[in-house]
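Reader: I have a structure to read, and I am new to this. Please take me through it feature by feature.

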Amino acid sequence: MDQGKHILFRHRDIANLRDLDVYLAHGGFEAFKKAVTTLTPQQVIDEVKNAGLRGRGGAGFPTGLKWSFLTKDSFPRYVVINSDESEPGTFKDREILTHNPFQFLEGAMITAYASQANTIYNYVRGEYWDVVAGLERCVAQLYERGFLGEKLFGTEFKLDFFHHRGAGAYICGEESALLESIEGKLGQPRLKPPFPADKGLYAKPTVVNNTETVTNVPFIIQHGAAAYRQNGTEKSPGTKLFCLSGHIQKPGNVELPLGTTLRELIYTHGGGIRGGKGFKAVMLSGASSVVLKVDDALLDTPLDYESVAAKGAMLGSASVIVLDETVDLSWVILKTTRFFKHESCGKCTPCREGTFWMLSILERLNKGGAAKADVDLLQNVASQIQNKCLCPLGEFSVTPVLASLKTFRGDFDARTTDGAPKAAPKSAPKKAAVEAGD
């Protein structure tokens, strides 16, 4: 990809792109107009399918296919955008919403047309109150200019756009808990089935997409699937936003084609490991990641959905947390487990009780009061949680625990009372030399 031409971070190439007139001057809303006036909803879906766009929120599910799952002949329909960016280490969506808001809005609006929905809700994490205020101003401008409202472009299509702020609950990033929250209920996951495509918001067919996902859509509709596929790989087309944090020289967001190697991401775009230290481990999708030991094979792994999965991990939201050689993984896992225990909604027993006991063991371990048997107990508790939870949060809580115990067990054992290296015995003081015969 030409580094001077971004698809999602176009604001880095075009000054003041968050100004509507500037956005319009650079082709803004041409894709939306094209969709509404010249394409059928099915044609929009087919173009997105042909582009191979995959969900950027974590799972990587094909976007066009997801849109096509909506229950036939059931109306009204809704589009819900998940801007509840709560995963530790993730901060890409905020940059889009702040600096390239109209491309995001246009993408959501095209998604609504393709889904035959007349209402969009953007669910934004509560801490982004200033971002929401800016988005509300943008939406007001779109109503004034005739891009939202009734009879758009002289057609019968109408569209309304609303923002809904969360209250800082990580669980509301899970799509069904998010829908419950919009409806004014406690933010807890629903049992599935039914799935949102059948009975989502207000028990009607609903598309739920991530912020980054829909921001790709205007480019696809305006320039075509073939142009979109010029970046990325055959099975993972397009570009991806990577969030770099941890022990990295240049933390922040970077947009790169899917398939870029971890080595290029870290050393070319991230400037390498801070302080010139060794690269010990990496978490590729925030706090919920598999913790991977870094070696040459991993560094040369293409960062696309298939290649990362082959390493036993997920690319997810591509929130890359870099850990240098000084890091103790037992301390890192204490931090991630504390987060997930705090954010558990408490609805299902394995997550509610399991995260509590994992945290108790890890706190005891990090205070120097645990034995090797406690590390075994930690593994046992984590294994008991796995595959038994109502939603992915419980699974996320054990992923870094089990991965670290498998690869970095020594970091945990070194903290135990019976596993820490024994201090060398102090040598007896030498006796003073006795002067004889002098």
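Predicted model: local features only at pLDDT ≥ 70, side-chain atom pairs only at ≥ 80, totals over all residues.

Author: Start with pairing: two strands pair if DSSP finds at least two bridges between them. Helices (H or I, at least four residues) and strands (E, at least two) are DSSP runs, numbered from the N terminus. Residues are numbered from 1 along each chain as its sequence is written, and side-chain values use heavy atoms, with hydrogens and water left out.

Reader: How many helices and strands does the chain have?

Author: The chain has 19 helices and 9 strands. Its C-alpha atoms fill a box of roughly 115 × 45 × 35 Å, taken along the principal axes.

Reader: What holds the strands of a sheet together?

Author: Strands pair through backbone hydrogen bonds, either parallel or antiparallel. Take β1 (residues 78-83) and β2 (residues 119-124) here. They are joined by 6 bridges in the parallel sense.

Reader: What is the strand order in the open sheet of 5 strands?

Author: That order is β6-β5-β9-β7-β8, with mixed pairing. The edges are β6 (252-257) and β8 (291-293), each with a single partner strand, so one side of each has no neighbour in the sheet. The twist averages 30° from one strand to the next.

Reader: Which helix touches β5 and β6?

Author: Helix α5 (residues 92-99) packs on the sheet and touches β5 (239-246) and β6. The direction of α5 makes about 115° with that of β5. Another helix, α18 (residues 392-407), lies across β7 and β8, at about 25° to β8.

Reader: How does β7 pair with β8 and β9?

Author: β7 (residues 279-283) pairs with β8 in the antiparallel sense over 3 bridges. Val-282 has Leu-292 of β8 as its bridge partner, and Met-283 stands opposite Val-291 in β8. With β9 (residues 319-324), β7 has 4 bridges and runs antiparallel. Ala-281 stands opposite Leu-323 in β9.

Reader: Is β7 covered or exposed?

Author: Buried means under 20% relative accessible area, exposed over 50%, partly exposed in between (1.4 Å probe, protein chains only). β7 is mostly covered, with 5 of its 5 residues buried. In the chain, buried residues make up 55% of the 438 residues.

Reader: Where does Asp-93 lie, and is it buried or exposed?

Author: Asp-93 lies in helix α5. Asp-93 is buried, because its relative accessible area is 2%. Leaving out residues up to four places away in sequence, Asp-93 touches Asn-82, Glu-85, Asn-210, Thr-211 and Glu-212.

Reader: How many disulfides does a search of the whole structure find?

Author: A disulfide is a covalent bond between the sulfur atoms of two cysteines. The test is a pair of cysteine sulfur atoms within 2.5 Å. The search finds 0 disulfides. Cys-389 is in none; its nearest cysteine sulfur, that of Cys-348, is 4.6 Å away. Cys-389 counts as buried, because its relative accessibility is 17%.

Reader: Which residues line the largest cavity?

Author: On a 1 Å grid over the protein atoms alone, a cavity is a set of points where a 1.4 Å probe fits but cannot get out; lining residues have an atom within 4 Å of a point. Among those lining the largest cavity are Cys-345, Cys-348, Cys-351, Cys-389 and Cys-391. Grid points are joined across faces, edges and corners, and a volume is the space filled by probe spheres set on the points. The largest cavity has a volume of about 60 Å³.

Key. Axes fitted to C-alpha atoms, helices over the stretch in contact; angles between N-to-C directions. Contact = heavy atoms within 4.5 Å. 1 Å grid on protein atoms, 1.4 Å probe; cavity = no way out; pocket = protein on both sides within 12 Å on 5 of 7 lines; lining within 4 Å.
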